[in-house]
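Here is a short note for a colleague who is opening this structure for the first time. Please keep the sequence and the model side by side while reading.

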Amino acid sequence: MTTIKFKNIGHSNANFECKVTGDVTEDFILEQVKPHCGSRNLEALLNKNRKGGIILGGFHQIGEFEFSKGIH
């Protein structure tokens, strides 16, 4: 099981976490952050070390996330 910690998401700078038992996909990550964002054009980008990443709304960073275990 992987835990994803979200930090400073969206206009409210929400901090929360969720647990995932299956595969972690970009769609899954974006579904978690949508309620906290006003942007429609969302994108999740992984860091090079694959232990986390950032959330983009348009061309602006609107939050970040990290995994309790890196994904492969």
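This is a predicted model: local features need pLDDT of at least 70, side-chain atom pairs count only at pLDDT 80 or more; totals for chains, interfaces and linings use all residues.

1. Start with the strands. There are five of them in an open sheet, and their order is β2-β1-β5-β4-β3. The pairing is antiparallel. Two strands sit at the edges: β2, residues 14-20, and β3, residues 42-46. Each of these edge strands pairs on one side only. On average, neighbouring strands in the sheet are turned by 20 degrees against each other, direction ignored. In general, strands of a sheet pair through backbone hydrogen bonds.

2. **The β1-β2 pair.** How many bridges join β1 to β2? There are six, and the two strands run antiparallel. Strand β1 covers residues 2-9. For a landmark, find T3: it stands opposite K19, which belongs to β2.

3. **The helix.** Now turn to α1, residues 26-33. Which strands does α1 lie across? The list is β1, β2, β3, β4 and β5. Here β4 spans 52-57 and β5 spans 60-67. Relative to β3, the helix runs at about 125 degrees.

4. **The nonpolar core.** The largest nonpolar core has 16 residues. Which residues have the most contacts inside it? They are I4, F6, I29, V33, I55 and F65. Two or more core residues come from each of β1, β2, α1, β3 and β5. As a general rule, nonpolar side chains in soluble globular proteins tend to be buried together.

5. **V33 up close.** V33 is one of the core residues with the most contacts. Set aside its neighbours within four places in sequence. V33 then still touches F6, I9, F16, L42 and I55.

6. **Aromatic pairs: F6 with F16.** The structure holds three aromatic pairs. In one of them, the ring centres of F6 and F16 are 4.7 Å apart and the planes meet at 25 degrees, so this pair is stacked. F6 sits in β1 and F16 in β2, 10 residues apart. Are the two partners buried or exposed? F6 counts as buried because its relative accessibility is 2%, under the 20% limit. F16 is partly exposed, with a relative accessible area of 21%.

7. **Aromatic pairs: F6 with F65.** F6 also pairs with F65. The centres are 6.3 Å apart and the planes lie at 45 degrees, a tilted arrangement. F65 belongs to β5 and F6 to β1, so the pair ties together parts that are 59 residues apart in sequence. Both residues are buried. Taken together, ring pairs link F6, F16, F65 and F67 into a cluster.

8. **Salt bridges.** There are two salt bridges in the structure. One joins the side chains of K7 and E66, at 3.0 Å from N to O. This pair links distant parts of the chain: K7 is in β1, E66 is in β5, and 59 residues separate them. Both ends are partly exposed, K7 at 29% relative accessibility and E66 at 30%. The other bridge joins K34 and E31, at 3.2 Å from N to O. K34 is partly exposed at 45%, and E31 is partly exposed at 47%.

9. **Two positive phi values.** N8 lies in strand β1 and is partly exposed, at 40% relative accessible area. Then look at N13. Phi of N13 is also positive, near 50 degrees, and N13 is a residue other than glycine. N13 is found in the loop between β1 and β2. Its relative accessible area is 44%, so N13 counts as partly exposed.

10. **What to keep in view.** F6 is buried, has a stacked partner in F16 and a tilted partner in F65, and is among the core residues with the most contacts.

Definitions and conventions. Residues are numbered from 1 along each chain as its sequence is written. Side-chain values use heavy atoms; hydrogens and water are left out. Two strands pair if DSSP finds at least two bridges between them. Helices (H or I, at least four residues) and strands (E, at least two) are DSSP runs, numbered from the N terminus. Axes are lines fitted to C-alpha atoms, for helices over the stretch in contact, and angles run from 0 to 180 degrees between N-to-C directions. Contact means heavy atoms within 4.5 Å. Buried means under 20% relative accessible area, exposed over 50%, partly exposed in between (1.4 Å probe, protein chains only). A nonpolar core is a set of buried Ala, Val, Leu, Ile, Met, Phe, Trp, Tyr and Cys residues joined through side-chain atoms within 4.5 Å. Rings of Phe, Tyr and Trp (its six-membered ring) pair if their centres lie within 6.5 Å; planes under 30 degrees apart count as stacked, over 60 as edge-to-face and the rest as tilted. A salt bridge is a side-chain nitrogen of Lys or Arg within 4 Å of a carboxyl oxygen of Asp or Glu.
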